[in-house]
Amino acid sequence: MRNKPNPKNWTDVQLVIAAIAFTLTLGFWNFFSALAKKDIAAQVAQATLPPSPAPASVVVLTPTPLPKIKILLGGVAPQINQASAAQPSAAQPAKKRKPGGGGGGGGGPVTSTKSS
Amino acid sequence: MFQRLEFRAMGCAMLAFIDDDSPAALDALHQVPDWFEEWEQALSRFREGSELNRLNRLAGLSVHVSEILWAAFQTALTAEQATGGLVTPTVLDAVVMAGYDRPFELSARDQIQLRTIPKGWAEVSPLSAVTWDESSRSIRLPPDVRLDLGGSAKGWAAHQAAERLAPYGSALVDAGGDIAITGLRADGERWLIGISDPFDQGADMDVLRLGRCGVATSGKDRRRWLRDGVLSHHIIDPRTGFPAETDVMTATVIAPTVMVAEAAAKAALILGAKAGLDWIESDPSLSGVLILDDGSSLYSRGMEKYL
């Protein structure tokens, strides 16, 4: 007469529980891992997408208002200088004088007559 | 203490002095460039829209002109009468034929432009060919006559500016070498004015001591160009229609007004050394010095009181 099969012992129960837990762990791992991968892919795709074209807008050109000053073309802007009549400007070029023809009155000539 | 203003107008460096440092004098001095701008717009032949160019384009018709153009025209008329026709504004076609058909860039060191100039000649009509009516302030040019007021306009403008500044103090206006002086300086001294050396740019041959008067220099040392390998210049002899053949390099004249001085200097240059000096001395109100091609100088008898 054959022996009655042994009932599952506690060890078998533990193995079953462990297998189920292991399986669930792997399953959830993969599940959440897949979700995370989707988010990263979406972020990467958004970063590499070309910028969306700006909505067309109508630009109205208006003339730039001219400054309320006088613009002088072709030369240096007028400069007001104060000078002492007795002291010629330092920028005055060296003048040669005709012997005997003194300037008198102190200082040098304020300007020169020349052909124009 | 005087105020000094530099600016550019009419193709030249301009200089204005007023021997007073009050705010009113300074304000008046600030207005001088605007005055010149207004005058240049009316009188320049190099501005397409100038009133002078409009008058020239309407040759053959009687044209009502502004007070500015009328005054400058009358100044040119006086100059022609005083010089026996040697100085006239009817030389425009002749001076253009000679090659002076565009503004000179004064920044060029030697004032010489090398160009190919077409051969040509234009007869110079006397100003008497022009008719005018003072009551309607109108001018009618003959169809073949065009005016160039460039020579006389600078002197006229210098005189006008100086007279406008005069109420604020003793004034001096230098329009590219044509100088108007309204009186002695505030300290009672005379103004010192150099006579530029045509052979040494930046140096003076003499220094003049001047009170109320005008002084101007005409010369062939500037605004000149090569034509067929020959140096040409802008001073036209109306008797020939060509640039004046003269042994005078520059002529400087002192006169009661700068307009008279400018016309007299040009006439003396065209006439040449001997005739030019005789012509200056024939008028006691004129004094002058001629610097000749060889570098020598001829002084009129009246010059000693200014040296």
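Is Asn53(B) buried or exposed? At 12% relative accessibility, Asn53(B) counts as buried, where buried means under 20% relative accessible area, exposed means over 50%, and partly exposed lies in between (1.4 Å probe, protein chains only). The model is a predicted one, in which local features need pLDDT of at least 70 and side-chain atom pairs count only at pLDDT 80 or more, while totals for chains, interfaces and linings use all residues. Residues are numbered from 1 along each chain as its sequence is written, chains are lettered from A and ligands numbered from 1 in the order in which they are written, and side-chain values use heavy atoms, with hydrogens and water left out.

Asn53(B) belongs to helix H3 of chain B; helices (H or I, at least four residues) and strands (E, at least two) are DSSP runs, numbered from the N terminus. Beyond the residues up to four places away in sequence, Asn53(B) touches Ser44(B), Arg45(B), Phe46(B), Arg47(B) and Glu48(B), contact meaning heavy atoms within 4.5 Å.

One of these partners, Arg45(B), forms a salt bridge with Asp148(B), with an N to O distance of 3.6 Å. A salt bridge is a side-chain nitrogen of Lys or Arg within 4 Å of a carboxyl oxygen of Asp or Glu. The bridge links distant parts of the chain, 103 residues apart: Arg45(B) is in the loop between helix H2 (32-43) and helix H3 (51-57), and Asp148(B) is in the loop between strand S6 (138-140) and helix H6 (150-165) of chain B. Both Asp148(B) and Arg45(B) are buried.

Over all chains, the whole structure holds 13 salt bridges. In another of them, the closest N and O atoms of Arg137(B) and Glu67(B) are 3.8 Å apart. Arg137(B) lies in the loop between strand S5 (131-133) and S6 of chain B, and Glu67(B) lies in helix H4 (residues 67-82) of chain B, so this pair ties together parts that are 70 residues apart in sequence. Arg137(B) is partly exposed at 23% relative accessibility, whereas Glu67(B) is exposed at 58%.

A salt bridge also joins Glu262(B) to Lys266(B), with 3.4 Å between the closest N and O atoms. These two residues are separated by about one helical turn, because they are four residues apart in helix H7 (residues 258-271) of chain B. Glu262(B) is buried, with a relative accessible area of 8%, and Lys266(B) is buried at 17%. Elsewhere, Glu37(B), Glu40(B) and Arg47(B) are joined into one network by salt bridges that share partners.

The nonpolar residues come next. A nonpolar core is a set of buried Ala, Val, Leu, Ile, Met, Phe, Trp, Tyr and Cys residues joined through side-chain atoms within 4.5 Å. The largest such core has 48 residues, of which Val32(B), Phe36(B), Trp39(B), Leu43(B) and Leu165(B) touch the most other members. Another core, of 24 residues, lies apart from it and includes Ala267(B), Ala268(B), Leu269(B) and Ala273(B). With residues up to four places away in sequence not counted, the contacts of Phe36(B) include Phe7(B), Met10(B), Met14(B), Ala161(B), Val173(B) and Ala175(B).

Strand S7 (residues 171-175) of chain B is largely enclosed by the rest of the structure, because five of its five residues are buried. Ala171(B), Val173(B) and Ala175(B) are on one side of S7(B), and Leu172(B) and Asp174(B) are on the other. Strands pair if DSSP finds at least two bridges between them. S7(B) runs antiparallel to S2(B), to which five bridges join it; in this pairing, Met14(B) has Ala175(B) as its bridge partner. Four bridges join S7(B) to strand S8 (residues 178-181) of chain B, also in antiparallel fashion, and here Ala175(B) stands opposite Asp178(B). The hairpin of S7(B) and S8(B) has two residues between the strands, and Gly176(B) takes a positive phi near 60° in it.

Phe17(B) is in strand S2 (residues 12-18) of chain B and is buried, with a relative accessible area of 1%. Leaving aside neighbours within four places in sequence, Phe17(B) is in contact with residues including Val110(A), Leu29(B), Leu165(B), Ala171(B) and Trp191(B). The C-alpha atoms of Phe17(B) and Leu5(B) are 6.5 Å apart, with 12 residues of separation in sequence.
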